[in-house]
Amino acid sequence: MSEPLFRDPQAPVADRVRDLLSRMTLTEKVGQVNQRMYGWDAYERTPSGHRLTDAFRAEVAAYDGMGALYGLQRADPWSGVTAETGIGAADGARVSDAVQRHVVESTRLGIPVLLVEEMPHGIQALDGTVLPVNLAVGATWDPELYEEAAALAAAQLRARGGHVALVSALDLVRDPRWGRAEECFGEDPYLAARFTEALVRGVQGPAGERIGPDRAAVVLKHFAGQGATVGGRNSAATELGTRELHEIHLVAALAGVRAGAAGLMAAYNEFDGVPCAANRRLLTGILRERWGFGGLVMADGLAIDRLVRMAGDPVAAGATALRAGTDLSLWDDCYPRLAEAVRRGLVEESTLDTAVGRVLALKFRLGLFERPYTGARGADPARLERLSERLARESVTLLEHDGVTLPLAGRRIGTVAVLGPNADSVPQQIGDYTAPQRPGAGGSVLAGIRAAAPDGTAVTYAPGCGLVGGDRSELPDAVALASAADVAVLVLGGSSARESGTRFDANGAAVVASGNPVEMTCGEGVDLAELGLPEGQSALLDAVAATGTPVVVVLVQGRPHALADLSAKAAAVLSAWYPGPWGGRALADVLFGAAGPQGRLPVSVPRSSAQLPVFYNGKDHGYRGYVDQPATPRHPFGHGLSYTTVEYGAPLLSRSSVAADLFAGPAPLSCTVRVANTGGRPVRETVQLYVRRVLGGTAWPRVRELRGFAGVELAPGGSAEVTFPLDAKALASFTYAGEWAVEPGEFAIEVGPSSQRTRAAGLTVTPAAS
């Protein structure tokens, strides 16, 4: 008897899907759209290794197969998996293969299971290499570097048996009170889109039907608008108009779809009362019909169960999500009852077939029917570690500087006092969604400074205060050390470190209510009303500054904290974001001058929570500010100083007027600017291009919008010309007709080192020729 068509690796994926679907029972189909089980419940540690649990075997038997299994290798306080009970790098492939072997060999059709893992900044598993959080990655303004790191992270995931990487990429930091700000690339859609494209290329490899054995399928989170929830509260509603949705919150998603992303995850939030997982307008009308997306849509954890309040019961809730375009569930109790929904006539079996087909197509694209077991060699951990450190180094952003104090290697320093609650803690610099780290992994800021300090320079340390609260009992020791030092490095900020005592929601979000002693100030479920530094940290800064010793403030943070004017207290202020395990070494390189600060802000830094929002690309209605403080941010989007000075020439356009219809083809014009290093140190300058509509159009224009950026290396005294093409994407707006179009009018094409320091050239876009 010949092999069935779905077993033929040479047959087109669509033909294999149709053949396999025709052979499946309703129960088997329902099993393929379910991701009901937590992966850590599928195994247990024994004295001789790991064994599959009876619960896992029963789950496979219930549906004669399994669509996907989430988090087999996840380890963290929520899952309860520790270094002692979890799966390390040495066992990852073996346990994954055991899971796959049971599914393939114990089911009628032998359909492999998708093994899905979180990979927000490296695989969330024991011994997984941790990268800086996305907000730090965004601060590098270097998508090519991130693409290289993402490719190695994907290879590491595949070598341990994983197939699908869940990665936050689509959310924007429109309100920094939101605890998940660290998972975003920044506040700007253009910047996020470029990093999303890099992510897809890195994780999945070259575009095409097949995904290689050393690459993974990527599911982009979260679709859509989750960063714009009311009040910066996690999972709250969004209040977005059509233009705002398309011009701001769908741009990165569209870029990811065009780059070939295998899947998107529907967000928790809702539009006009309809949650994303049940929003047919979003998941079918926009994503599939307008954009032509043929990949997978996954629900967020337990999101479909939340629909019961709207649909009336679990069966109807599952049918609602399936009809809307959600293909694969996550942990819920509703999708397991889809067979009942079909029998009750709540959803057509053909609709279920469509969703099943997308799940199967991804399995075929990954080659799981031909290669169900782990075979990839994996990435070199040392190389990925070096890339993690390089990302951290490039993300360090110099916000303020007196022009004298840094780099420290340029001064005669006998003693450096390293102070602050974030100075000596690796867990507090690696961010949320990370597995427990092995002892000795990485190094703190204090360790980095001690290693980088030249011979003859003493390094002293005191925490000075706690991460949260206002206790001042440790202040005297810190003040004494600062008084005796030549410079004080004060390491402040926040933490997303999950502790064993942290309480969690059913979906894994932290529950950190007011007065809770757990020291988390950022992360999923950890939203802040007040963005200023905690009372104890502010008191420490004031006391150390009062000693007269030059103070360098380093902010280790997952969101931009609101900053007062620190020019009278600090000689320099740097943001290191959450730089990852090797961030201490990276930061020390910048402090001592082995590397220059290259980071640029991917998000605006507010003066206070009261002035929010402060994102740079709002709409200018002539508003001038508040009576009691400016409306402008403390530091604008794109800002970042260096250890030298760079001058910008006037931008030059290849033509000053162009007809709107010429934008239908290749870029009809370009903008060139000369930049010169007028200082004594080399620099990698990030040249930024902005477009601002001055006159015309069918809607009120935004202040300005990022439309290009380029990194250029400049030696002392050197200069270079940077040229940006200007195509339709650079000038187009989303119109009331529901399409992107270049509208006639007057534009300012601006170039500079930040969104508030630009030089402009005028451009006239005339109506299309009749």
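The model examined here is predicted. The space in the second largest cavity amounts to about 80 Å³. Its lining comprises seven nonpolar, three polar and six charged residues.

In total, the structure contains seven cavities of 30 Å³ or more. The largest cavity is lined by 20 residues, and Arg-693, Pro-701, Arg-702, Glu-705 and Ser-733 are the closest to its centre. Sorted by class, the lining of the largest cavity consists of 10 charged, nine nonpolar and one polar residue. At least two lining residues of the largest cavity come from each of α8 (242-249), β23 (683-695), β24 (705-714) and α20 (728-731). Strand β23 makes the greatest contribution to this lining, with three residues.

Helix α19 (residues 583-592) is largely enclosed by the rest of the structure, because eight of its 10 residues are buried. These buried residues are Gly-583, Gly-584, Ala-586, Leu-587, Ala-588, Val-590, Leu-591 and Phe-592. The elements against which the buried residues of α19 pack are the helices α15 (381-395) and α16 (445-452) and the strands β14 (487-493), β17 (551-556) and β18 (572-575).

The loop between β18 and α19 holds Trp-577. Although Trp-577 is a residue other than glycine, its phi is positive, near 50°. Trp-577 has a relative accessibility of 0% and therefore counts as buried. A positive phi, of about 65°, also occurs at Leu-302, which is not a glycine. Leu-302 is located in the loop between β10 (296-299) and α11 (308-311). The relative accessible area of Leu-302 is 17%, so Leu-302 is buried, the cut-off for burial being under 20%.

Cis peptide bonds are found at two further sites, described in turn. The bond from Lys-221 to His-222 is cis, and its omega is near -5°. His-222 belongs to strand β6 (residues 217-223). Phe-223 and Ala-224 are likewise joined by a cis peptide bond, with omega of about 10°. Ala-224 is placed in the loop between β6 and α8. Helix α8 is also one of the elements that supply at least two residues to the lining of the largest cavity.

Note on methods:
Residues are numbered from 1 along each chain as its sequence is written. This is a predicted model: local features need pLDDT of at least 70, side-chain atom pairs count only at pLDDT 80 or more; totals for chains, interfaces and linings use all residues. Side-chain values use heavy atoms; hydrogens and water are left out. On a 1 Å grid over the protein atoms alone, a cavity is a set of points where a 1.4 Å probe fits but cannot get out, and a pocket is an open set with protein on both sides within 12 Å along at least five of seven lines; lining residues have an atom within 4 Å of a point. Grid points are joined across faces, edges and corners, and a volume is the space filled by probe spheres set on the points. Helices (H or I, at least four residues) and strands (E, at least two) are DSSP runs, numbered from the N terminus. Ala, Val, Leu, Ile, Met, Phe, Trp, Tyr, Cys and Pro count as nonpolar, Asp, Glu, Lys and Arg as charged, and the others, Gly among them, as polar. Buried means under 20% relative accessible area, exposed over 50%, partly exposed in between (1.4 Å probe, protein chains only). Contact means heavy atoms within 4.5 Å.
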